Amino acid sequence: MKFIYGKNDFKDFKSGNSNCYLLTNGLGGYSSTTIINSLTRNDHALFVASTHAPNIRKTIVSKTEEFLHIGDTKICLSSQEYVCYTKNKEGYVNLNSFTQEYLPTWTYFFDGVEIKKTIVMEHGKNTLGIKYEIENRTQNTVSLEIVPVFQLCERGKILSKPNDYKVEEDIISTDDISLFIHSNYTKKIQTELEFINDYYFDYDACDGRNAVGSGSTFISYFYECNRESIENYELIFTLENSFKDVQTMIDNEINRQKTLICKSGFTNEIARTLVRASDQFISHRESTNAKTIMAGYPWFGDWGRDTMFSLLGCCISTKRCDDAKDIFRTFIRYLDKGLMPNLFPEGENEPLYNTVDASLLYIYALYEYYISSGDLDFVRNEGYSAVLEIIKWYKNGTDFAIYMDEDSLIHAGEGYAQVTWMDVRYDDILPTARHGKPVEINAFWYNALKVAEFFGNKFNKDVSEFTTLSEKVKSSFNKVFWNKDENCLKDVVSGNSYDNQIRSNQIWAVMVPFSPLSKEQSKAVVDKVYQVLYTPYGLRTLSKYDKEFVPEYSGSHFKRDMSYHQGTVWPFPLGGYYLSYLKVNDYSKESKEKVLEQLEVFESCLREGCVGQIAEIYDGLNPAKSNGCFAQGWSVGEILRVYDAILS
């Protein structure tokens with residue numbers, strides 16, 4: 001899908017700053033500014049490199065300032081808000097369009113001179129290239145001036161003074177980073193260092209974060225274009241010892257994306273766009289020398305729970321079976337006391353295992369991998385032993401008060417340890433406490449036992465243990481979780497008043513391949529979720545009629561955390577809703593047409609926020625504006641799964 005933004009989309013800073021692009025390099029590095037080439041948040045930058053994939057990231061170049069020289073006239077092409085608004089650069093008035101299909105492209109125009117700018121990141125390398133095509137239809141020689149804004153510091157750090165930059169030819173270095181710059185410029189001028197410390201970050205200001213950014217300039221590159229001619233120039237920033245020319249990088253990256261989209265088999269344009277989006281989360285992890293999945297950009301790393309959920313859509317639905325196996329192997333290797341890591345180690349640090357759902361989601365994902373690929377050998381030789389290990393530890397008990405109770409249901413969580421996905425903690429406050437028996441965990445537990453039984457039968461094993469135990473789990477589940485008054489499922493069984501809150505977690509009890517619910521119950525859950533939790537961009541995390549419902553996600557860190565799972569809309573459970581709706585309607589033609597019709601609105605969703613991506617969250621009452629991470633892996637993956645279920 002090609003996204004096209006014209007002047008009506010960036011008529012002022014507010015509209016122009018509303019959308020950004022995202023490029024990633026398969027290492028955790030990324031490039032992201034707004035579509036008018038401005039920075040609105042501390043996490044925006046032209047070039048963020050990953051020096052230890054995927055989570056040790058450095059902001060190398062914040063942005064490039066661009067100016068067109070025609071005779072004695074200097075025309076600003078860059079846009080940026082400053083603390084003192086009188087300094088604002090409004091280059092967007094000379095911007096004709098921003099487009100993105102595979103790569104972001106800007107087209108500027110002034111008095112007969114057109115400049116096209118395309119950005120690319122080389123996959124698997126810490127390299128960013130910019131191509132400038134200047135078409136001069138005037139009778140004057142014109143010159144394009146490019147001024148990089150350097151940082152060379154830890155991503156997210158706000159510099160109070162300039163780094164101690166060492167400049168030697170086309171190498172800029174600090175104590176721990178060396179940046180190589182390659183360009184076919186007409187001339188280069190080294191200037192006095194100017195420290196900019198008054199960029200204004202409007203997005204961060206709205207969220208109560210530090211809203212002032214900084215950077216340093218000390219080099220200008222000039223690219224000339226004679227009258228009535230077309231010239232192509234390139235500017236490359238890299239931490240690598242070798243590099244390709246920008247056009248080769250562009251061709252390689254477009255071909256790589258086309259290959260992935262073709263391999264997925266999708267023909268629907270939204271689905272094909274989501275395949276491209278899903279690829280941006282799949283990254284190399286240096287500590288394990290294997291693939292992983294980033295939870296979200298710009299600030300999240302790779303987490304076990306998110307990886308297992310994202311893998312279902314980002315790898316299995318896109319037919320990236322080798323990547324799925326690579327990720328499975330990593331988690332199997334780090335399995336400890338039945339738990340899979342929620343956070344992988346960096347350096348000498350040990351993994352963190354504070355998640356009850358990652359292991360159960362692994363079993364779910366392994367089953368879906370087999371159904372999609374038919375690869376029983378991998379399950380037999382590598383995957384199934386981990387399934388048995390997980391079930392053993394969950395039965396007997398493991399860390400974080402995760403254990404099977406007398407009724408065969410799983411208990412999880414104690415103290416300040418939040419181990420489900422609703423895991424926010426602010427100091428000693430747990431905004432969404434779910435200690436006890438969470439509904440989705442026990443649905444995943446029942447599903448895990450049935451998957452163990454399923455594969456055990458394939459391998460001619462004695463599965464009587466799983467058959468008997470799953471029957472007990474099913475009976476107990478229906479006994480304690482069914483809410484007769486609301487005709488749906490309780491959220492948790494703990495003896496607390498919040499047990500009966502109507503939350504989105506119950507939808508997964510219908511979605512799983514092996515559900516503990518009857519078809520009548522499943523339909524009732526789907527209907528209840530549709531009535532009070534459904535929105536076109538995601539499910540509310542809490543019924544809007546609940547007294548604890550928070551309609552907006554905004555304000556200070558404390559206020560945001562208090563609302564994070566208290567009604568805020570999350571796109572990724574919407575995938576579970578649609579899959580459940582299809583399931584209770586037997587995947588009928590009518591149900592597929594209905595879901596496809598409702599999914600059409602995602603074309604608008606993909607245009608808002610981060611171009612071609614689905615965000616982490618939206619406001620609970622009126623989900624009109626994306627929030628949180630502007631690109632979220634499981635948001636993309638779960639909607640992809642819906643298209644896979646309908647179209648494959």
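Tutor: On a 1 Å grid over the protein atoms alone, a pocket is an open set of points with protein on both sides within 12 Å along at least five of seven lines. Its volume is the space filled by probe spheres set on the points. Please note also that this is a predicted model.

Student: What volume does the largest pocket have?

Tutor: The volume of the largest pocket is about 730 Å³. Its lining is made of 27 residues, and those closest to the centre are W299, F300, W303, D423 and Y564.

Student: Which elements give two or more residues to that lining?

Tutor: Two or more residues come from each of α5 (304-316) and α13 (557-563). The largest share belongs to α13, with three residues.

Student: And how does the lining of the largest pocket divide by class?

Tutor: There are 13 nonpolar, seven polar and seven charged residues in the lining of the largest pocket.

Student: What about the second largest pocket, which residues are closest to its centre?

Tutor: The second largest pocket has a volume of about 620 Å³. It is lined by 29 residues, of which N17, S18, D202, Y203 and K625 are the closest to the centre. The elements that contribute two or more residues to this lining are α1 (13-16), α2 (202-206) and β33 (626-627). Here α2 has the largest share, three residues.

Student: Let us change topic. At what angle do α9 and α10 cross?

Tutor: Helix α9 (residues 439-458) and α10 cross at roughly 160°, and their axes come within 9 Å. An angle over 145 degrees counts as roughly antiparallel, and α9 and α10 are therefore roughly antiparallel to each other. The crossing of α9 and α10 is left-handed.

Student: Which residues make that contact?

Tutor: From α9, the contact involves V439, N442, A443, W445, Y446, L449, K450, A452 and E453. From α10, it involves F466, T467, L469, S470, V473, K474, F477 and F481. By class, the residues of the contact of α9 with α10 are 11 nonpolar, three polar and three charged.

Student: Where does N460 lie?

Tutor: N460 is in the loop between α9 and α10. This residue has a positive phi of about 60°, although it is not a glycine.

Student: How far apart are the axes of α8 and α10?

Tutor: The axes of helix α8 (residues 376-396) and helix α10 (residues 464-481) are 13 Å apart, and the packing angle is about 45°. The two helices α8 and α10 are therefore oblique to each other. Their crossing is left-handed. In this contact, Y384, L388, I391 and K395 of α8 meet E465, F466 and L469 of α10. The contact residues of α8 and α10 comprise five nonpolar, no polar and two charged.

Student: And α14 with α17, are they roughly parallel or roughly antiparallel?

Tutor: Helix α14 (residues 572-584) packs against helix α17 (residues 633-647) at an angle of about 20°, with the axes 7 Å apart. That makes α14 roughly parallel to α17. The crossing of α14 and α17 is left-handed.

Student: Which residues of α14 and α17 make the contact?

Tutor: On α14 they are F572, L574, G575, G576, Y578, L579 and L582. On α17 they are W634, S635, E638, I639, R641, V642, A645 and I646. The residues of the contact of α14 with α17 divide into 10 nonpolar, three polar and two charged.

Student: One last topic, the backbone. Which residues does the cis peptide bond with omega of about 0° join?

Tutor: That cis peptide bond joins A53 and P54. P54 is located in the loop between β4 (45-52) and β5 (56-70).

Student: What is omega for the cis bond from Y297 to P298?

Tutor: For the cis peptide bond from Y297 to P298, omega is near 15°. P298 lies in the loop that runs between β22 (296-297) and α5.

How values were computed:
Residues are numbered from 1 along each chain as its sequence is written. This is a predicted model: local features need pLDDT of at least 70, side-chain atom pairs count only at pLDDT 80 or more; totals for chains, interfaces and linings use all residues. Side-chain values use heavy atoms; hydrogens and water are left out. Axes are lines fitted to C-alpha atoms, for helices over the stretch in contact, and angles run from 0 to 180 degrees between N-to-C directions. Helices (H or I, at least four residues) and strands (E, at least two) are DSSP runs, numbered from the N terminus. Angles under 35 degrees count as roughly parallel, over 145 as roughly antiparallel, 65 to 115 as roughly perpendicular and the rest as oblique. A crossing is left-handed if the near helix is turned anticlockwise from the far one by less than a right angle, and right-handed if clockwise. Contact means heavy atoms within 4.5 Å. Ala, Val, Leu, Ile, Met, Phe, Trp, Tyr, Cys and Pro count as nonpolar, Asp, Glu, Lys and Arg as charged, and the others, Gly among them, as polar. On a 1 Å grid over the protein atoms alone, a cavity is a set of points where a 1.4 Å probe fits but cannot get out, and a pocket is an open set with protein on both sides within 12 Å along at least five of seven lines; lining residues have an atom within 4 Å of a point.
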